[in-house]
Amino acid sequence: MIAVSKRLAAAAMVLLILTGRANGEETVTRFAAGEDEGAELVIASVTDIDFMQPLIAAFQQANSDVSVTYIEDTSNSLDASVSRACADRGFFADLVISSSIAQQVRLVNSGCAREIGGPVLSSLPAWAQWRGELIGLTYEPAVMVYNKAAFAADGPPRSRFDLIDLMRQSGALNGRIATYDIEESGVGYLFAFQDSTEASTWGRLIEGFGRNSVATFCCSSEVIDRVADGRAYVGYNVLGSYARSRAAKDDRIGVVLPTDYTLVLARAGYIPREARNAGAARAFLELALSERGRTILDGETHLLTPLSGPAALAGLGGGEEPAFRPIPLSPALLVSLDQAKRARFLSQWRKSVTLPTP
């Protein structure tokens with residue numbers, strides 16, 4: 001293991017350790033303490049380390065004797081790890097943060113979390129917390145991303161109705177739409193399932209995907225990459241945090257908040273029952289929702305917070321006020337995890353989106 005001096009650690013140098021997981025999914029990053037280490041905070045998450053590093057740096061400025069170990073994994077793999085630890089009453093992490101909020105609610109309802117307590121809950125709207133054990137840290141809309149050059153003449157679709165109309169035009173978007181593979185992506189499945197319950201357009205939308213040979217991917221970054229280089233003209237239901245971050249650096253990409261409605265996800269965190277450093281985990285959550293934490297999340301990382309999200313995103317509405325529909329942290333999310341319902345939903349998706357082989 002490579003050693004990192006205290007001076008380098010204080011300058012925010014990071015030690016990365018790739019774990020020995022066979023599929024290579026899990027990555028562990030260790031941020032050494034700036035002083036003699038007195039404690040360790042272990043965070044397990046699906047969030048890219050680049051988005052979390054500014055918040056971790058701010059936490060360590062206020063807690064210079066605490067090292068932070070950051071475990072990054074895919075949503076399904078992380079859920080398996082934390083579920084196993086809960087069942088075995090073993091330690092895995094002090095804090096778990098995931099965008100796969102249905103899985104988070106299931107774990108909390110199964111007794112895998114402890115009460116957070118403190119002032120951290122008082123600032124949050126009711127939809128962004130559950131049982132005092134699970135809290136929403138971010139305000140992330142499901143957006144459409146588009147290739148600006150492809151829509152230079154007439155502008156991009158601003159709603160699902162616009163997108164459906166475009167898909168009906170002969171060849172306009174054939175092979176040029178990208179979205180999540182909802183069988184592989186936890187957040188992609190959640191957004192699709194919510195669409196099916198929220199929108200009268202759902203059936204027409206996925207039929208249009210099928211007719212236009214939609215391409216599906218595991219991750220937001222792959223969808224955005226295709227839109228940026230023109231292989232796709234539209235990316236559907238992409239996490240707005242990743243889309244806004246890329247669009248700020250790449251002027252080929254535009255971002256739209258659908259005007260018919262915009263789903264909003266709160267990436268959620270809980271402190272596991274077997275946490276070793278619940279105090280540091282609680283302090284991290286309090287920082288994330290403090291004025292300083294909101295400045296970091298809203299500005300440096302484009303994640304936004306439940307408190308500031310609507311106002312900060314209003315300008316992306318294309319002249320119309322976005323109709324935000326936050327997805328509440330509640331047992332209603334468990335419906336999407338029911339095995340029979342999931343099987344039926346995925347069967348409908350495959351039949352509509354996957355064209356039969358000639």
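**The largest pocket**

Author: Happy to! About 550 Å³ of space lies in the largest pocket. Keep in mind that this is a predicted model.

Reader: Nice. Which residues lie nearest the centre of the largest pocket?

Author: Val46, Thr74, Ser75, Cys218 and Cys219 do, out of a lining of 21 residues. Helix H3 (75-88), helix H6 (186-198) and helix H8 (220-229) are the elements that each give two or more residues to that lining.

Reader: And how many of the lining residues are nonpolar, polar or charged?

Author: The lining divides into seven nonpolar, eight polar and six charged residues.

Reader: Switching topic: where is Ser99 found?

Author: Ser99 sits in the loop between strand S5 (95-98) and helix H4 (101-109).

Reader: Is Ser99 buried or exposed?

Author: Ser99 counts as buried, because its relative accessible area is 6%, and the cut-off for buried is under 20%.

Reader: What does Ser99 touch?

Author: Leaving aside residues up to four places away in sequence, Ser99 touches Val46, Val187, Leu190, Leu265 and Arg267.

Reader: Back to the helices. At what angle do H6 and H13 cross?

Author: The axes of H6 and helix H13 (residues 339-353) cross at roughly 85 degrees and come within 12 Å. So H6 is roughly perpendicular to H13.

Reader: Which residues meet there, in H6 and H13?

Author: From H6 there are Tyr189, Ala192, Phe193 and Ser196, and they meet Arg342, Phe345 and Leu346 of H13. By class, this contact of H6 with H13 has five nonpolar residues, one polar and one charged.

Reader: Thanks, that helps!

Technical notes. Residues numbered from 1 in each chain as written. Predicted model: local features only at pLDDT ≥ 70, side-chain atom pairs only at ≥ 80, totals over all residues. Heavy atoms only, no water. 1 Å grid on protein atoms, 1.4 Å probe; cavity = no way out; pocket = protein on both sides within 12 Å on 5 of 7 lines; lining within 4 Å. Points joined across faces, edges and corners; volume = space filled by probe spheres on them. Helix = DSSP H or I, 4+ residues; strand = E, 2+ residues; numbered from the N terminus. Nonpolar A, V, L, I, M, F, W, Y, C, P; charged D, E, K, R; others polar. Buried < 20%, exposed > 50% of the residue type's maximum accessible area, 1.4 Å probe, protein only. Contact = heavy atoms within 4.5 Å. Axes fitted to C-alpha atoms, helices over the stretch in contact; angles between N-to-C directions. Parallel < 35°, antiparallel > 145°, perpendicular 65-115°, else oblique.
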